[in-house]
Each structure stands twice: as C-alpha cells, then as structure tokens.
Amino acid sequence: MNSKSYLGFDFSTQQVKALAIDENFQIIHEVSVQFDTDLPEFKTEGGVHVHEDKLTVTAPTLMWVKALDMVLENMKKENFDFKSVVAISGAGQQHGSVYWKKGSRSSLQNLSSEKSLSDQLCDSFSIHDSPIWMDSSTTDICREMESVVGGPAAMASLTGSRAYERFTGSQIAKIYRNNADAYSNTERISLVSSFAASLLLGDYAAIDNSDGSGMNLLDIRKKDWDDKCLEFVAPGLRGKLGCPVPSATVLGSVSSYFSERYNFNPKCKVVAFTGDNPASLAGFRLRHGDVIVSLGTSDTFMMWLDNPTPKTEGHVFVNPVDNDAYMAMLCYKNGSLTRERIRDSSANGSWEEFSSALKSTKPKNCGNLGIYYDVQEITPNAVGTFRFDENNQQVPEFRAEIEVRAVIEGQFLAKRCHAERLGYSLKPGSRVLATGGASNNEDILQVLSDVLSAPVYVLDTSNSACLGCACRAKHGVIGGTFDEVTRSITACRLAATPNNCTYDVDRYGTLEKVVTGCSQD
Ligand code: ADP
Ligand code: XUL
C-alpha cells in the first residue's frame, strides 16, 4: 500500500469530527459523532450541561472519550485504510479543561486493545464534568486575577487577553477553591485539545502554545507559563500543566492501542493538537496580511499578526502555523441574527430585497451610520440600537434601504476599527477570506470589500478546523513553512473587489464610544 494520508480531528462543542486527506489535500474520508443524538446516555443539549445557576456550563469528560471510540469504530466499518495515515493532528473547543486523576498516566500507557477506551478510562478523571468555554461563572476570580498582575491591560499585555470567565485559568482556580481534594488528586490538567491528543498518544500530550494562549496563564512572548498567574490560580500548577510546545511539534507515535485495534501504522505520528479557532486559521491557509471574516450565527474576525499589541478587547494567541508569529481574534455576538432582524423589518424578510437595498444605496450611506446590538455585545460590552445622521446626531429611525446598508456597514466598520486597534493594517496583496452563512450573499461581500478596502474571497469550509489539522499533521512531519507545505491546495474564489471609497474608521470609533457610554438595557 503506497498511498499516504493525514488525519485531522475536531473535538468541538456539539460533535467529534474526523477528516482524512491524501497527499494532494483531497478529502478522502469524513465522519462525525453528535453528542446529543449518538451518545444520548450523557443527556447533553448542544453537547453541554447548563447548570441551575445558568452560569456554570460543563461537558462530561467521558463523553468525549466515548465519541473517539465511536468515530474510530465508524471509520473501521467504512473500511478506512488506517495503515495509510502518516500523521494525525486535531483541534478542540478552546478553553475547556480535563482533570486526569493520579495514576491515569499509567492507564493511558497500558491500554488493552481488546477493550474500548471508555471502558478503560472511566475512572481516570478527578473531575467528571469538564468546565467549557460557555461557562461564565468566574467573574469575581477574573477581577482578582487581573489585579494580581496589575489590571486588565497588564493581563492582556502578558497573556494576550484580559481575564475572561471562559479562559482556563479562572476555571482551574474555581475547581481548586471549591474542591481542593479533587485538585490535589489531579495528576495532569489538559485542554480539550491536548486531552484528545493524549488519548491517541497513550501518554500525556503537551499543550500547544496557540491553544495555551486561551488560558490567561501563558506569557505569549516568552511562551512559558507565567508564575504570578500560576501561583494565583492554584499551588503546584506548573507540574500539572506540563511544558507548552510549538503547535507543529511531533509529540510521538500513535499508541500501540491504535495500531493493534485499528491497524494504524505503529510509526504514525501525533502532532500537537490545538484550539478550533487556530485550527480554522490553518484550514484557511491564512497568510500574513490576510483576514478571515466568519459571518455565522455570531461573527468572528481572525488575522495574522507579527507584532502583537494586545488590548482589553479581543484576543491575541500564538500563531498555530508559525511559532514566532501571532493571531488575533475578535468575537461578535450580534451577527446573522441581527442581520436577519433588519432583513425582516426593512426588507420584507427577503435576502433578495435586502440585496436590492444594498445595491440601491451608496457606500458610506450618505453619512448615516448605525450600531445594532440586539443582545449584549462582547466587543464592546454594550446593548441597544443607535443611529447617527451625517452630523453625528442620533436619530430614531432610518429609511428601510438606509437601515439595511447601515447594519452591514456598521458591523464591518466595527471589525475594521477593533482589528486596527489590535495592530491590523492593510498590506498590498491582503485578502479577506469570508465564510459562514452570509458569505453566500455577494452584495454583503461587496460592502465587506469596500469597508476593508481589500478583495474578498470565499471558501467552502464547513470543516475548516479538521482540514486545518490534517494539513498541520502533514506540516508537522515534513517541516519547512506551513505555506510551502500546503501551497498546492486549490485556491479560493474571488467574490468582490473594493471600490475606491475611504471609510472614516475613526468616526466609527468615536461614535462607538458614545454608544458604550449610553448603552440601553
Ligand atoms: P453557524 O454559525 O450557526 O454555523 P452559518 O454560518 O451556517 O451558522 O450561518 C447561518 C446564517 O446565515 C443564518 O442565520 C442566515 O442569517 C445567514 N444567511 C444564509 N443565507 C444568507 C444570505 N443569502 N444572505 C445573508 N445571510 C444569509
Ligand atoms: C473562542 C471560543 C469558542 C470555542 C468553541 O474563544 O470560546 O469559539 O473555541 O468553538
């Protein structure tokens, strides 16, 4: 058998997916297991348990182990050629944490290929319910943690983000404070990504620098844990986390469990797993100067950074494909649902009419500018609808077609404004890579191109994190730059080129400040 393949996993919030590519980056196999429907015994909704206080959100750790068993069994049933896999990598939902009980390393190292992983690891966790990114129960700990390092700006400058509830540091601190016995009975703490890698490696896998940047514990410049943060969170934490490694690190070969049970080549390598957002960046083959705009239920904006200037909004992570570079990520809760609301109120519920309105109005909307936060926004922390006329006077409403352009221009100006604060600047050849539901709308993409002054390309990327990890697996074993290794991937499609219109980003920033000061509840 001469064919070679590379396997990428994604342990995301609602499912575990796996995707294999051949040497030419063609997808040859895809499989997924949904937590709610395929593993109903764990009684999750959307892959999670929301606790009574509504703030605590966890997922059963063993469910993830069982999902891996199931994914591999399904691949076996479908006659996937495990022997062809040269290397594996993967992604996990960011920030979630796994607590391995004392003695579990030895369980991982001595798995019997006669039994499932879940049968053998069911007693391996000192905490059975892993805190995940949707948890928002640690606000007080976050504020304490920031004050220990000199405030939110100092925390952002050190770790890439101010302290966030979902970030792992405050979650570990909560476990230590509420359940000191379980903490002291913990041999190792993994992220979801490094936990999944540990299963495949048959040993504790290192946390990679990129996903490690989502913990408020890593000094993103030194690429080592920060002692002040560690000491604040819990005693003995450095030993429980292990040393962080560059994301392209080959951690070792797949455990004999997998070669014996599934016929993997015993030499098949495991490359460090990373976070799902960094993995998507790899899947898009984002280059220096490019940005990714994902227009889904919520909008995200990711970009490549060489010299990070972390702020108290947005996140800076170590770059997953170049350990000397960085990436920035901004999240917006008011994405497609807000666009849909305006479509319904101002375009008769029709995307065609919405598009006609965009076509019938001019870039910059004759000076009319709108900011629409239907729900409490993350960046910035505000809620309400705000409309300004060309004299920056607030007005109660806009004409329907002005309203349509205002919501789209407002959302894209926000992204540009916040990205520039994080160090984004347009370079010759910069591309905007658009994805998500609204990237089907070429008129929306035209506005995106005009506001960001760059050509917009679209990609079919329903599985960008998995694809990114299959590519990272190949990069890990081949070496060189990620760009060189993945150069032959089919290019994306050009969807819009910018008209020459200069938007006043500073004006947007000033009006956003006005809005933040008077946010309506
Ligand atoms: P998710 O983030 O949940 O994966 P998607 O990326 O699939 O979501 O995006 C879903 C959204 O795409 C829908 O809420 C809808 O508003 C939006 N959408 C779909 N088609 C269009 C269109 N032609 N124009 C604008 N938005 C669209
Ligand atoms: C990123 C974040 C989520 C998770 C789950 O900061 O919290 O996007 O990675 O996808």
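Reader: Why is phenylalanine 82 called buried?

Author: The relative accessible area of phenylalanine 82 is 4%. Buried means under 20% relative accessible area, exposed over 50% and partly exposed in between, with a 1.4 Å probe and protein chains only, so phenylalanine 82 counts as buried. The model is a predicted one, in which local features need pLDDT of at least 70, side-chain atom pairs count only at pLDDT 80 or more, and totals for chains, interfaces and linings use all residues. Residues are numbered from 1 along each chain as its sequence is written, chains are lettered from A and ligands numbered from 1 in the order in which they are written, and side-chain values use heavy atoms, with hydrogens and water left out.

Reader: What makes phenylalanine 82 and tyrosine 262 a tilted pair?

Author: A search of the whole structure finds 16 aromatic pairs. Rings of Phe, Tyr and Trp (its six-membered ring) pair if their centres lie within 6.5 Å; planes under 30 degrees apart count as stacked, over 60 as edge-to-face and the rest as tilted. For phenylalanine 82 and tyrosine 262 the centres are 5.5 Å apart and the planes stand at 50°, so the pair is tilted. Phenylalanine 82 lies in the loop between helix H2 (61-77) and strand E6 (85-92), and tyrosine 262 in helix H13 (residues 256-262), so the pair ties together parts that are 180 residues apart in sequence. Helices (H or I, at least four residues) and strands (E, at least two) are DSSP runs, numbered from the N terminus.

Reader: How do you know that phenylalanine 82 and phenylalanine 264 are a tilted pair?

Author: Their ring centres are 4.9 Å apart and their planes are at 50°, so this pair is tilted. Phenylalanine 264 lies in the loop between H13 and strand E13 (269-271), 182 residues from phenylalanine 82. At 0% relative accessibility, phenylalanine 264 counts as buried. Phe80, Phe82, Tyr257, Phe258, Tyr262 and Phe264 form one aromatic cluster.

Reader: What makes lysine 240 lie over the face of tyrosine 183?

Author: A charge sits over a ring if NZ of Lys or CZ of Arg is within 6 Å of the ring centre and within 35 degrees of the ring normal. Lysine 240 is placed over the face of tyrosine 183, at 4.7 Å from the ring centre. Arginine 343 likewise lies over the face of tryptophan 351, at 4.7 Å from the ring centre.

Reader: Why does arginine 177 count as partly exposed?

Author: The relative accessibility of arginine 177 is 42%, so this residue falls in the partly exposed class. Arginine 177 is found in helix H7 (residues 168-178). Leaving aside its neighbours within four places in sequence, arginine 177 is in contact (heavy atoms within 4.5 Å) with Ile141, Glu144 and Phe232.
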